[in-house]
Each structure stands twice: as C-alpha cells, then as structure tokens.
Amino acid sequence: MTSLGTPIQGVTLYSFTRAFHARQYDLDGLIRKVAAEGFGPGLEVIGFSSLRGFPDRIDDAFVGQFRDLVAEVDLVPTSLAVNVDTGIRRDRLMNHDELVEYMRKQIEVAARLGFPIARVQISLTPDAMESLLPVAEKYGVTLALEVHADQHGAHERVLALRDRYEKLDSPLLGFTADWGATVTGFAPSLLEAYRRRGASEDLLRQVVELWNGFYAEGPPNTQKVHGERFGAFIALAARNGRPDLGIDFGINGTGLFGPAPLDTWLEIMPWVRHVHGKFFGIDENGEEPSVPVRGLVRQLVENGYTGAISSEYEGWHWNNWQDPFDIIRAEQAVQRSAAADAGSAMITDAAEARRILSSHLAQPVRG
Amino acid sequence: MIADRIIEQGTLSTQDGRTAVEVRIPWYRALPGSCIAGAALTIDGVAAPEDSLRWTMNNRTFRFEELVDETGEWWYPLDSAILSGDLPVQDADGEHEVRVDLKLYIPYIITDHGVLHIEEHDTKTMKVASR
C-alpha cells in the first residue's frame with residue numbers, strides 16, 4: 001500500500017503578474033511579500049518573467065543576491081519555469097541542436113539559482129527529452145514537462161513521453177501536472193469579466209452550455225478535435241453579434257479550461273515531479289468553483305505524492321477587481337483543508353519541505 | 001493579456017516633427033526583438049508612416065525590419081520601450097488621443113497555423129509631456 005503523500009505548499013510568482021507588471025513590487029519585494037504572507041515554503045519563478053537578462057545575462061552577483069534572499073526569508077526554491085521557444089525565429093523553427101543549447105542555458109541558470117526542477121513545455125518531443133537527459137544529469141536538475149490544457153495525462157503526446165521516460169528510466173525526467181487540464185466548469189470570474197464587457201446573460205449561458213457539452217464528451221485527444229472546439233467558440237460569438245469575444249472564448253475555453261477527468265492523471269502519476277495548482281478564483285463560500293481542488297489534493301495524497309504544489313492563480317488575466325494575495329491565501333486554505341480531509345497534511349515548514357523535496361527528487365542540484 | 005497597460009500615461013513627447021510614446025509589453029514574460037512583429041502609432045486619428053517608425057529598447061533603436069533577426073535584445077516586462085514616428089503634433093497644450101497597435105509572436109506556442117501571434121491595442125488620452 002502506498003503511504004499517504006504530504007504535498008509541499010508553495011506558490012509561483014506568476015500568480016502576481018498583474019502586481020509585478022504594474023511595478024507595485026520588484027522581485028526582491030515580491031519574494032519578501034510571499035514569505036511574509038506564508039504562501040511558501042515552495043517558491044516557483046518563471047525565468048523570462050522575473051529575471052531581467054534571462055538566461056544569457058544572469059551574473060554571479062545576482063545569483064548570490066537571489067540565494068541570500070531566499071535563505072533569509074526561509075523559502076525553498078522548487079521549480080524554475082523555462083520556455084521552449086521553438087518559434088523564436090521568423091524564418092523557421094529551431095533545429096534540434098539549437099533547441100538543446102537554448103534549453104541548456106536555461107537549465108544551467110536553474111541550477112545556479114538553486115532550483116532542483118526546470119519546468120519545460122510540451123513542444124519537446126520524446127527525442128528532444130532524450131537529448132536533454134545528459135544536460136539534466138550534468139546540472140542535477142529534474143526536467144518536469146508541463147501537462148497543460150489542451151493536453152492532459154492521457155493525451156497521445158503525453159503518453160508517448162511517458163513511454164520514453166519508462167524506457168530511459170531516469171529519475172531526472174518527469175512531468176509537471178497542471179490542474180487546468182482537469183477543470184469541471186467555465187470559470188465564473190471570467191463570465192463576470194465578459195459581463196463587464198457587455199456580454200448578455202443569454203450569450204454567457206450559451207458559452208457555459210458549449211463548454212459543458214465538451215466536458216460531457218471528454219477531452220480532445222487529437223489536435224484536430226481541439227481545433228474544432230476552438231472554432232465552435234468563435235462561431236458562437238459571431239452568431240451572437242460579439243465576434244470581438246470569439247478568440248477570447250476559444251483561447252480560454254480550450255486552452256485554460258481543460259475538460260479531462262481526474263483519473264487521467266493516474267496515467268502519469270509515478271512521473272509527476274511537480275504540480276501547478278492552477279486555479280481561477282475563489283467564490284463566496286471560500287471554494288474554487290471550477291477547479292476540483294479538493295479532489296486533486298486528495299488524489300495526490302492517496303498516491304503518495306511528496307513534491308510541491310505551486311498555487312498558480314490564472315484569473316489575473318481578466319480579474320482586475322480582486323486582490324490576488326487574498327485569492328491565493330484562500331486557495332491555499334482549501335488545499336490544506338483537503339489534505340487534512342484525506343488524512344494527511346500539506347507541508348508548510350521550510351526545513352521539512354527541504355528534507356521531503358530532496359527525497360522526492362533524484363539528487364542534489366549542482367549549482 | 002493586459003492590453004490596457006501598453007501605453008504609459010503621460011509619456012507623449014514631440015520634437016521637430018517626430019513623436020514618441022513609451023510602451024509596455026501586454027504579456028507576462030520577456031520577448032526578443034524577433035517576436036515584436038509590428039506596431040502602429042496614431043495620434044488624433046493620424047497614423048505615423050510605417051517606414052518612419054522606430055523601436056527603442058535597452059538603449060538601442062531599431063527599424064522594424066531590423067527586429068526580425070534580433071534574438072539578442074529582449075523586451076523585459078518591467079521595461080518601457082519607446083515607439084516613435086514622423087508625426088507632427090499640432091497643439092502642444094491640448095489633449096491628444098494616442099493609439100498604439102502591437103503585433104507579437106508567442107514563440108513557445110506553435111499551432112497548426114504556425115507560431116501563435118497576438119494583436120493588441122491600447123488608446124489613452126494625454127497631453128504632451130513637458131520637458
């Protein structure tokens with residue numbers, strides 16, 4: 001029998017994009033705020049968001065300041081989110097060797113800053129992941145490929161990666177499970193944002209019905225089905241005289257609110273090294289109305305998961321009327337309550353988190 | 001997307017027939033010059049000629065065709081870039097409607113139709129900033 005998991009509480013600074021972009025906090029100030037609020041101990045950062053000059057111009061002085069700050073406020077670096085910018089050139093996609101070097105530079109920065117995981121993205125093929133394994137080994141960094149809507153744990157691309165991981169049998173290759181793949185409803189806070197943009201109640205009802213229909217059908221297992229669903233949202237907006245909202249409906253309805261069942265995560269659970277606790281808002285009852293946070297935490301606990309969950313608030317895109325810090329505080333309370341209901345607890349102590357994370361992952365990072 | 005952040009209020013400047021405004025990235029992460037695919041600058045309904053547009057970031061000034069191959073200079077989310085063009089502003093003391101259109105490539109999202117691009121715009125009313 002699997003012993004119960006004890007996920008580590010944490011947050012990604014992405015949740016506070018609106019405040020950071022508005023220059024309300026600099027990086028130092030935002031990390032101090034996260035620590036003071038008790039949103040850690042886990043800390044996740046997106047390289048291209050939070051680090052000026054990433055990855056080519058990260059000097060040793062900055063690395064030292066970052067490490068000193070994290071130590072001072074007693075946070076635990078979990079994941080550096082890095083990007084697979086295959087389409088950076090206008091004339092062609094990156095070739096294989098360019099891609100490996102592009103990723104190597106970012107993974108090296110993860111190691112220097114003390115992040116044991118680099119979050120990578122779905123455009124890396126099984127062959128690319130295999131090519132990056134020596135890079136992961138060199139730096140002692142676990143590569144956790146993010147499974148994000150419109151993919152999910154049982155998607156053909158994800159299963160192909162899982163099968164290659166199984167063959168390579170390295171503890172340094174795994175997944176980041178993003179809860180946005182297993183959403184149970186169109187986020188009410190986004191409906192409110194459309195309402196504020198003048199969308200009628202009738203149109204909003206139709207949007208919800210369309211999404212609920214896709215949820216009932218199950219997740220798209222091919223890119224073709226995904227494209228058809230995207231098109232259906234655009235057509236719905238046009239039919240209702242709001243073509244200006246069509247792309248927004250499509251991007252959010254397919255790319256943020258993935259309709260896969262919870263049990264799709266079981267296909268890859270042994271390889272889940274990190275979790276994005278993606279969510280969109282908290283309702284008047286203190287619950288997440290469209291992401292089944294309680295069921296997701298229970299599933300992790302029951303499957304013995306001892307890695308970190310980075311609370312990842314995505315509602316900032318449209319919600320400019322609520323405080324993201326209040327929303328994160330409320331969502332983490334739901335996570336702790338759910339872990340307790342499942343007979344376990346979230347880890348909120350930094351020392352314990354360090355100990356558990358180092359046994360959850362393969363080997364110490366070599367910065 | 002945070003398109004309402006594109007134009008920095010109070011940064012309109014004009015001199016000798018050239019007009020400039022400071023702009024912020026409407027996205028959460030840095031993008032290189034090669035992903036800044038185009039822009040338009042319109043003041044009071046009059047657009048600056050396309051070939052007169054210049055993009056300044058990290059203290060370097062580019063024509064848009066020069067940005068196409070620029071993967072070394074990045075537009076960081078906290079930094080303002082400067083968009084400028086040939087456009088005389090007649091009434092230096094009055095309010096002006098400033099519109100900026102931006103087209104950006106999102107280099108990690110590859111769709112069936114190629115690299116995803118987004119088109120965003122912002123309009124704000126302001127006076128010419130005093131120097």
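**Exercise 1. The largest cavity**

Which element gives the largest share of the lining of the largest cavity, and how many residues does that share hold?

*Solution.* The model is a predicted one.

Step 1. Assign the lining to elements. In chain A, α1 (17-21), β2 (42-46) and α3 (47-50) each contribute at least two residues. The largest share is that of α1(A), with three residues.

Step 2. Sort the lining by class: nine residues are nonpolar, four are polar and none is charged.

**Exercise 2. The second largest cavity**

*Solution.* Step 1. This cavity holds about 70 Å³ of space.

Step 1. Its lining consists of A:D150, A:W211, A:F214, A:P220, A:H226, A:R229, A:G253, A:T254, A:F257 and A:P259. Two or more of these residues come from each of α9 (201-217), α10 (223-239) and α11 (246-255) of chain A.

Step 2. The classes in this lining are five nonpolar, three polar and two charged residues.

**Exercise 3. Backbone geometry in chain A**

*Solution.* Step 1. Recall the background: most peptide bonds are trans, and most residues other than glycine have a negative phi.

Step 1. Locate the cis bonds. One joins A:G40 and A:P41, with omega about 15°; A:P41 belongs to the loop between α2 and β2 of chain A. Another runs from A:A149 to A:D150, where omega is near 10°. A:D150 sits in the loop between β5 (142-147) and α7 (156-168) of chain A, and A:D150 is also one of the residues lining the second largest cavity.

Step 2. Locate the positive phi. A:D74, a residue other than glycine, has phi near 60°. The loop between α4 (60-72) and β3 (76-81) of chain A contains A:D74.

**Exercise 4. Salt bridges**

How many salt bridges does a search of the whole structure find over all chains, and what is the count between chain B and chain A?

*Solution.* Step 1. Over all chains, the search finds 42 salt bridges.

Step 1. Take an example within one chain. The side chains of A:E37 and A:K33 form a salt bridge at 2.9 Å, N to O. Both residues lie in helix α2 (residues 27-37) of chain A, where they are four residues apart, about one turn of the helix.

Step 2. Turn to the interface: four salt bridges are counted between chain B and chain A. A:R52 and B:D79 make a salt bridge through their side chains, at 2.3 Å, N to O.

**Exercise 5. The interface of chain B and chain A**

Describe the extent and composition of the contact.

Step 1. About 2600 Å² is buried between the two chains, and carbon and sulfur atoms give 53% of it. Within the area that chain B buries against chain A, B:Y28, B:Y76 and B:L78 supply 25%, more than any other three residues.

Step 2. Count polar contacts: 20 residue pairs are found across the interface, both residues at pLDDT 80 or more.

Note on methods:
Residues numbered from 1 in each chain as written. Chains lettered and ligands numbered in written order. Heavy atoms only, no water. Buried area = accessible area lost by both parts, 1.4 Å probe. Polar contact = N/O pair within 3.5 Å; in protein donor to acceptor, adjacent residues only side chain to side chain. Nonpolar A, V, L, I, M, F, W, Y, C, P; charged D, E, K, R; others polar. 1 Å grid on protein atoms, 1.4 Å probe; cavity = no way out; pocket = protein on both sides within 12 Å on 5 of 7 lines; lining within 4 Å. Points joined across faces, edges and corners; volume = space filled by probe spheres on them.
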